[in-house]
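Dear colleague,

Please find below the sequence and the structure that I am handing over to you.

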Amino acid sequence: MSVVWRNFYNSFLLISGKMRQLQTMKMRTHPYEKITRSVYRKHVIDIRSSEAIPQAANLLESGKVIALPTDTVYGLACSANDPAAIKELYKIKGRICTKPIAICVPEVKDVLYWGRADHLPIGLLQELLPGAVTIVVKKSHYLDNPYLNPGVEKIGIRVPKFNFIRSVTKQFKAPMALTSANFSSQKSTLEITEFKALWPELGAVFDGGQLGQSEVQRAASTVIDLSEPRKFEIIRTGVAIKRTIELLKRYRFEEIVKRA
């Protein structure tokens, strides 16, 4: 075999090997290239089902991670005070444990229980929540899971304006850890098939249909640090930034702008 043909043959083998490797990675990342009826029935529960809320609460109670719709994007949720569940959530998400995760509660009064938010005007909280806003305050002593944002004294708290997730949290009678339903660093999801690669790792996927009518929805909730009295810091702009800033300024809060 000539040197030219030998080099060509070796290049062909190298390219073929790379293609097989990419194909294997693709299969591992996307186990369901085609979602059949049996696959759907195995993993997905319609939120309109009368059993959806108790099923979700039971799965959370048993330490499972579930996917469910919020008022912005689809989320992954588990019990916030269950160490094993939190570790599983980080594993499924592919997220490093030093990157904080928020919690979800059903009512504004729950923000004052799970977070140290007594310094915030109740009127402000009632105008911000329920809504597409995550407020960041210091944890209360009731959040005693060492794996929930280890080494971080603050916690992001959500009260979504979405009846299903609030009803699940209310029936569960404890806060849910909540993060977006996607692999870490990938875009947020507005429809359950967008995160089908995660389905096999989850206790169930609760289908609320398409969320929102535009890509703007993927910006997810606005995250605001309100841990200091009469001050706020924008952590993430999100979908509700304009109204949130207007409310905070009406209540005479001063913005903290950190230097780059």
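Which element gives the most residues to the lining of the largest pocket? Before the answer, please note that this is a predicted model, in which local features need pLDDT of at least 70 and side-chain atom pairs count only at pLDDT 80 or more, while totals for chains, interfaces and linings use all residues. Residues are numbered from 1 along each chain as its sequence is written, and side-chain values use heavy atoms, with hydrogens and water left out.

The answer is β7, which contributes 4 residues to that lining. A pocket here is an open set of points on a 1 Å grid over the protein atoms alone, where a 1.4 Å probe fits and where there is protein on both sides within 12 Å along at least five of seven lines; its lining residues have an atom within 4 Å of a point. The largest pocket has a volume of about 730 Å³, a volume being the space filled by probe spheres set on the points, which are joined across faces, edges and corners. Its lining comprises 36 residues, and Arg95, Pro100, Ala102, Val223 and Arg236 are those nearest the centre. Two or more lining residues come from each of β6 (133-139), β7 (154-158), β8 (176-180), β10 (222-225) and β11 (231-236). Helices (H or I, at least four residues) and strands (E, at least two) are DSSP runs, numbered from the N terminus, and the chain has 8 helices and 12 strands.

Helix α8 (residues 241-250) deserves a look of its own. Thr244, Ile245, Leu247 and Leu248 of this helix are buried, where buried means under 20% relative accessible area, exposed over 50%, and partly exposed in between (1.4 Å probe, protein chains only). Seen down the axis of α8, these buried residues fall within an arc of 160 degrees, so they line one face of the helix; the arc is that of the directions from the helix axis to the C-beta atoms. On the other side of α8, Lys242, Lys249 and Arg250 are exposed. The buried residues of α8 are covered by elements including α6 (122-128), β6, β10 and β11, with contact meaning heavy atoms within 4.5 Å. After α8 comes Arg252, which has a positive phi, near 60 degrees.

For the chain as a whole, buried residues make up 46% of its 260 residues.

With best wishes
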